[in-house]
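Work through the exercises below with the sequence and the coordinates at hand. Each task is followed by a solution in steps.

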Amino acid sequence: MTATPAKTREGTIALSDGRTLAFADRGPANGAPLIFHHGTPGSRAGHHPDPGVYDDAGVRVVTYDRAGYGLSDRLEGRDVAAVAADISALADDLRFDRFALMGVSGGAPHALACAALLADRVTRAVVMVTPAPNEDGFDFLAGMTESNVNEFNAALAGPDAIAAYLAPYIETLRTQPEAVLDELAAELPRPDQATLARQDVREMLVTSWREASRQGAAGWMDDDLAFTRPWGFDLADVSAEVRIWQGELDVLAPQAHGRRVAEQLPNATFELVEGKGHMLYDAWPEAFAWAAR
């Protein structure tokens, strides 16, 4: 039988612009508050495969559906920085005066946006396998898988192109979701393939990604468009302590991306995880514990 995360609570809040934001709340209710930013694609249903890590770290992790994913209404044309207003409202509703942040993959830039724009409320930020801004002097696509290069080239071509590119993936997620995992795994290094072969990971990702596609490609395409445009904030404005975990073999957010972000943050520690790729679930317990301190 597959383990279900303990103490999971779900809810929605109404935002000031009329949109709805959905979230899931995991871990001990009296744990240190941490707002988690899921990857691209992703949803509030994403979680660590071992439900015990939340209690072990003493951390209350709130994961939300980014705009356009799951049950959260779309915010068309959003940049990365737009997430900060949503997280401020969510933290207010949860009565979090101060809180830590964690963002993985496509969630990492959004965590950094909150660290920059909600500086007086953020204690620490964990960033794992982050993309870097697409800016002059940096080869954004270097070292990525062919499918990632094709996806971001479609995003660079505009909303119609990225919507058309993602449409087959959305259809397959709805009908044969494990086929999407297998297609992804074929392009990844062996450590990631081994992780994606685990039944607990597969079941969690299928559940999360199917929920992510509830509104079609809306959230996914809006993420991709936001990553390829100016993010709307300056990394130099992130005053909180940041720890960046980066897989040595990562081909989705290659090592150069994590190093590029670390160079621009004023208070960051860069940690290269040797022999690992994009899937760093083994590092989550340490990350939770560090963020909770």
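Aspartate 65 and arginine 44 are both buried. The model is predicted, and the exercises start from this pair.

**Exercise 1.** Find how the side chains of aspartate 65 and arginine 44 meet, and where in the chain each residue sits.

Solution.
1. The two side chains form a salt bridge, with an N to O distance of 2.6 Å.
2. Aspartate 65 belongs to the loop between strand 4 (59-64) and helix 2 (83-94). Arginine 44 belongs to the loop between strand 3 and helix 1.
3. The partners are 21 residues apart, and the pair links distant parts of the chain.

**Exercise 2.** Arginine 44 also meets the side chain of glutamate 10 in a salt bridge. Is each of these two residues buried or exposed?

Solution.
1. The N to O distance between glutamate 10 and arginine 44 is 3.0 Å.
2. Glutamate 10 lies in strand 1 (residues 9-14), 34 residues from arginine 44.
3. The cut-offs are under 20% relative accessible area for buried and over 50% for exposed.
4. Glutamate 10 has 52%, so this residue is exposed.
5. Arginine 44 has 8%, so this residue is buried.

**Exercise 3.** Locate the salt bridge between aspartate 223 and arginine 66, and state which parts of the chain the pair ties together.

Solution.
1. The closest N and O atoms of aspartate 223 and arginine 66 are 2.8 Å apart.
2. Aspartate 223 is in helix 9, whereas arginine 66 is in the loop between strand 4 and helix 2, so the pair ties together parts 157 residues apart in sequence.
3. Both residues are buried.

**Exercise 4.** How many salt bridges does the structure hold, and which residues are joined into one network by shared partners?

Solution.
1. The structure holds 20 salt bridges.
2. Through shared partners, salt bridges join Glu10, Arg44, Asp65, Glu211 and Arg214 into one network.

**Exercise 5.** Describe the largest pocket by its space, its lining and the classes of its lining residues.

Solution.
1. The largest pocket contains about 820 Å³ of space.
2. Its lining has 41 residues, and the closest to the pocket centre are Thr40, Pro41, Ser105, Trp209 and His278.
3. Elements that give two or more residues to this lining are helix 4 (146-157), helix 5 (159-175), helix 6 (177-185), helix 8 (199-212) and helix 9 (218-228).
4. Sorted by class, the lining has 23 nonpolar, 14 polar and 4 charged residues.

Conventions. Residues numbered from 1 in each chain as written. Predicted model: local features only at pLDDT ≥ 70, side-chain atom pairs only at ≥ 80, totals over all residues. Heavy atoms only, no water. 1 Å grid on protein atoms, 1.4 Å probe; cavity = no way out; pocket = protein on both sides within 12 Å on 5 of 7 lines; lining within 4 Å. Points joined across faces, edges and corners; volume = space filled by probe spheres on them. Helix = DSSP H or I, 4+ residues; strand = E, 2+ residues; numbered from the N terminus. Nonpolar A, V, L, I, M, F, W, Y, C, P; charged D, E, K, R; others polar. Salt bridge = Lys/Arg side-chain N within 4 Å of Asp/Glu carboxyl O. Buried < 20%, exposed > 50% of the residue type's maximum accessible area, 1.4 Å probe, protein only.
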